[in-house]
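Here is a short briefing to read with the model open beside you.

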Amino acid sequence: MADAISSLLRRIILESPPGEWAMKQLRELLVGALKQGPVPQHVAFEMDGNRRYARSHRMETIEGHHHGFEALARIMEVCYKCGVKVVTVYAFSIENFNRPKYEVEGLMQLAKVKLEQLTNYGHILDRYGARVRVLGQRELIRADVLAEVDRAVARTKHNNKAVLNICFPYTSRAEMTTAVKSTVQEFLAPTPPKTTPFSPSRIRQKILSRQLDGREGLPTIPDVPPEDSVSLDEDGKDDGDGNSSSPTLHPDSPSPRLRARNSSSNLFGLPNPESITVETLDKHMYTSNDPPLDMFVRTSGVERLSDFMLWQCHQNTQIFFIDTLWPDFDLKDFIWILLEWQWRQKRRELDEAPAGRNLKARSVVE
């Protein structure tokens, strides 16, 4: 009974106009304090716990997802106020298509409704200059939902101060597979040949002809590379009985045939596969234009990445697993995460600082 009375009083105080004003001022004060320290530029949220929230509150599963979207709106505004440039959220996994059909249809309908709200009432996005990007397998999205996706993207395409990445439907394995496919397609596309009005041999012949100036004309210089002008038998020896006109090679040098095979990619205008690096694949990822991932947050107490942002997580990404269910996630939870991230950043800067400066800084901190 006492708990019910205290809960009622708390709701009356917090939901009254003076209570709401006081809470708003407190939030602004806390956000202003957080901005004084380093702020992550790219934050990813794995929004987990909507179904457990619905079960614990004895409501329909889809209603739990509605509360989850409201939590996203709250935390998105907190992030942009703090100075975060990119917010990436895991809205729908490709694996979710394995859930019951009614739940999949409900999630698709929820996505459609919320995208409509973003399009028609996107004041938060416009206020902070955030544009919407939907990352994932577009071919798996229902046609009517895809139309709303395109509307939301077009509605915010002129915003250039921040980004909201909505991963829908998405898995990291699908993203990396797409990146590999596009890299291979790029490498298989031959580069256009470099054409010149005259070949180097013709230009060289013309210059020599002018220098001789009236003497007997020079023989035509063939447009054939030196190694191609020598006919080789199966053992790699000259067919003729005379001396070869090709320059003498080092004993360890590869045969002309082997060199031709190794340079076949250049002959056909294809890049060398050895030139494929981490940066090459990174340019084909969905988040190629975004800053590196600084912070990864998963709610509901589950401690795994679940095929989300596997490529983007690097050695300096700070990962946080918290017990709070996503619909309950708010500034009261995020403030402690951000404070710990700032503390870790300070420690890393101290560890990477020069020795003398490091000792001085540590003494000041201690």
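Among contacts in the chain (contact means heavy atoms within 4.5 Å) between residues at least 6 apart in sequence, 76% join residues at least 24 apart. This is a predicted model, where local features need pLDDT of at least 70 and side-chain atom pairs count only at pLDDT 80 or more, while totals for chains, interfaces and linings use all residues. Residues are numbered from 1 along each chain as its sequence is written, and side-chain values use heavy atoms, with hydrogens and water left out.

**The chain as a whole**
- You can find 14 helices and 6 strands in the chain; these are DSSP runs, numbered from the N terminus, with helices (H or I) of at least four residues and strands (E) of at least two.
- Of the 366 residues, 36% count as buried (under 20% relative accessible area, with exposed over 50% and partly exposed in between, using a 1.4 Å probe and protein chains only).

**Helices α4 and α5**
- The axes of α4 (residues 61–82) and α5 (residues 101–120) come within 10 Å and cross at roughly 30°; axes are lines fitted to C-alpha atoms, for helices over the stretch in contact, and angles run from 0 to 180 degrees between N-to-C directions.
- That angle makes α4 roughly parallel to α5 (angles under 35 degrees count as roughly parallel, over 145 as roughly antiparallel, 65 to 115 as roughly perpendicular and the rest as oblique).
- On the α4 side, the contact is made by Thr61, Ile62, His65, His66 and Phe69, and on the α5 side by Glu103, Gly106, Leu107, Leu110, Lys114 and Gln117.
- Sorted by class, this contact of α4 with α5 has 4 nonpolar, 5 polar and 2 charged residues; Ala, Val, Leu, Ile, Met, Phe, Trp, Tyr, Cys and Pro count as nonpolar, Asp, Glu, Lys and Arg as charged, and the others, Gly among them, as polar.

**Helices α5 and α7**
- The axes of α5 and α7 (residues 143–155) come within 9 Å, crossing at roughly 25°.
- That makes α5 roughly parallel to α7.
- Residues making the contact include Met108, Ala111 and Leu115 of α5 and Val145, Val149 and Ala152 of α7.
- By class, the contact of α5 with α7 has 6 nonpolar, 2 polar and 6 charged residues.

**Two buried residues to look up**
- Asp330 is found in the loop between β6 (318–321) and α13 (331–352).
- Asp330 counts as buried because its relative accessibility is 16%.
- Beyond its neighbours within four places in sequence, Asp330 is in contact with Arg27, Arg74 and Ile75.
- Ser172 lies in α8 (residues 172–188) and is buried, with a relative accessible area of 1%.
- Ser172 and Met309 are 137 residues apart along the chain, yet their C-alpha atoms are separated by 5.9 Å.
- Leaving aside neighbours within four places in sequence, Ser172 is in contact with Asp307, Phe308, Met309 and Leu310.
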